[in-house]
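Visitor: Could you show me how to read the pockets and the helix packing here?

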Amino acid sequence: MRCEVVAVGTELLLGQVVDTNSSWIGEHLASLGIDSHYQTKVGDNFDRICAVLRAAAERNDFVVVCGGLGPTPDDITRDALAAVMGVALRRDAELVERISAKFWRRGRSMPANNLRQADVPEGAEVIPIFPGTAPGLVCAVGGTVVYAVPGVPWEMKTMMTDWIAADMRRRAGVSEVIQSRVLRTWGESEGGLAERLAVVIERLDASGTVTLAFLASGMEGLKVRLTAKADTTAEAAAMLDAEEAAVRAAIDERLVFGIDEETMESTVLGLCRRAGLTLATAESLTGGLIAARLSAVAGASDVFRGSLVTYAAETKYRLLGVPHGPVVSEEAVRAMAAGACEQLGADCALAVTGVAGPAPAEGVDPGVVWTATALDGEVEARRHEFPFDRERTRQFTTIGVLNELRLRLLDRAGSAP
């Protein structure tokens, strides 16, 4: 079965908004065993949306059209769907009540233009789950099923995972269970992982039961996705268990920092928690990014003590005991890590200092970064040279220093009696 993703919105074409929805939907379709051969973007133009929908319907079994279901005049996906279907729009009284109730529960009055969101093409079905005010639609265009979902990512994902996935599988007559597991890695390139996994990949290609794919995720690492198809959930899980073990055996186990939705920060917090350790950070060029990631993890408060964002040199000297002198140096970052433990009463700490760019500082080129980890009274420091722009230097520094502490915590746990 084939499905095309159509993203609607002039802002996508202008580059004002990055289209992450299509990427997510494509990955989700793959996990359902449905091929996505095309992804199309189209602006808020009635004739062009109609043309794209007709073309997509002609060459696919399913179409997911994302965006254009809001209440404003340029939200015309409903109108285009009705035109392609050759029907009129009707105002659904039940939807009017449900949308009005959402505003009432928030203590707000509903603007009149939100009534447009209750307009449904004749013969279309309303997706029963809609967490926002935009209902999703299921429309028949010839022999193709078109699902229209909102462009707001969390609303779209809720509809896709909680309703559309099952409806697609039912319509496609898919009885097998398809499950995926993602191993999240840091510290090796895609080519390097492919070399390490060459034998595993060759065996899986020959068997055809479990597939392996690499998903490059930038500053979130490189993902290795395993997908199994079986008659039951238990069988699929057993297949994934076996192949996960094979992947781990073929690569350095320490490269894998998480599974599925686990992040580097949640893994570090978990390791600290199991060891009974508290954690602090001292940040310069990252400006609180490390602390923000750690504190975004639910339950972080039992481990994470806090952060000192010492951006200016004088602040490093005064708050962290950094010796007067260059602050982009090994001596400075070591003092920052030790000072974070002392000032915040933590058992271990991370520290970063460097030059994010674009201009040099203290005679140091952009991209030069010092990181340090403090654990059990010992501080380890590393120098890095990142060939990135300012933002990517900050982001790679953040996940990199978290990984350095992760590896030290693993070593500590392995040597514990």
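Visitor: Which helices and strands each supply at least two residues of the lining of the second largest pocket?

Guide: Rolling a probe the size of a water molecule over the atoms shows where empty space is left. Here strand 1 (3–8), helix 1 (10–13), helix 2 and helix 6 each supply at least two lining residues (DSSP runs numbered from the N terminus, helices being H or I of at least four residues and strands E of at least two). The model is predicted, with local features needing pLDDT of at least 70 and side-chain atom pairs pLDDT 80 or more, while totals for chains, interfaces and linings use all residues. Residues are numbered from 1 along each chain as its sequence is written, and side-chain values use heavy atoms, without hydrogens and water.

Visitor: Which residues lie nearest the centre of the second largest pocket?

Guide: Of the 28 residues that line this pocket, Glu11, Gly67, Gly68, Gly151 and Val152 lie nearest its centre (a pocket is an open set of points on a 1 Å grid over the protein atoms alone, where a 1.4 Å probe fits, with protein on both sides within 12 Å along at least five of seven lines, and lining residues have an atom within 4 Å of a point).

Visitor: How are helix 2 and helix 6 placed relative to each other?

Guide: Two packed helices are described by the angle between their axes and the distance between the axes. Helix 2 (residues 20–31) and helix 6 (residues 153–172) pack at about 25°, with axes 11 Å apart (lines fitted to C-alpha atoms over the stretch in contact, with angles from 0 to 180 degrees between N-to-C directions). The contact (heavy atoms within 4.5 Å) involves residues including Trp24 and His28 of helix 2 and Met156 and Met160 of helix 6.
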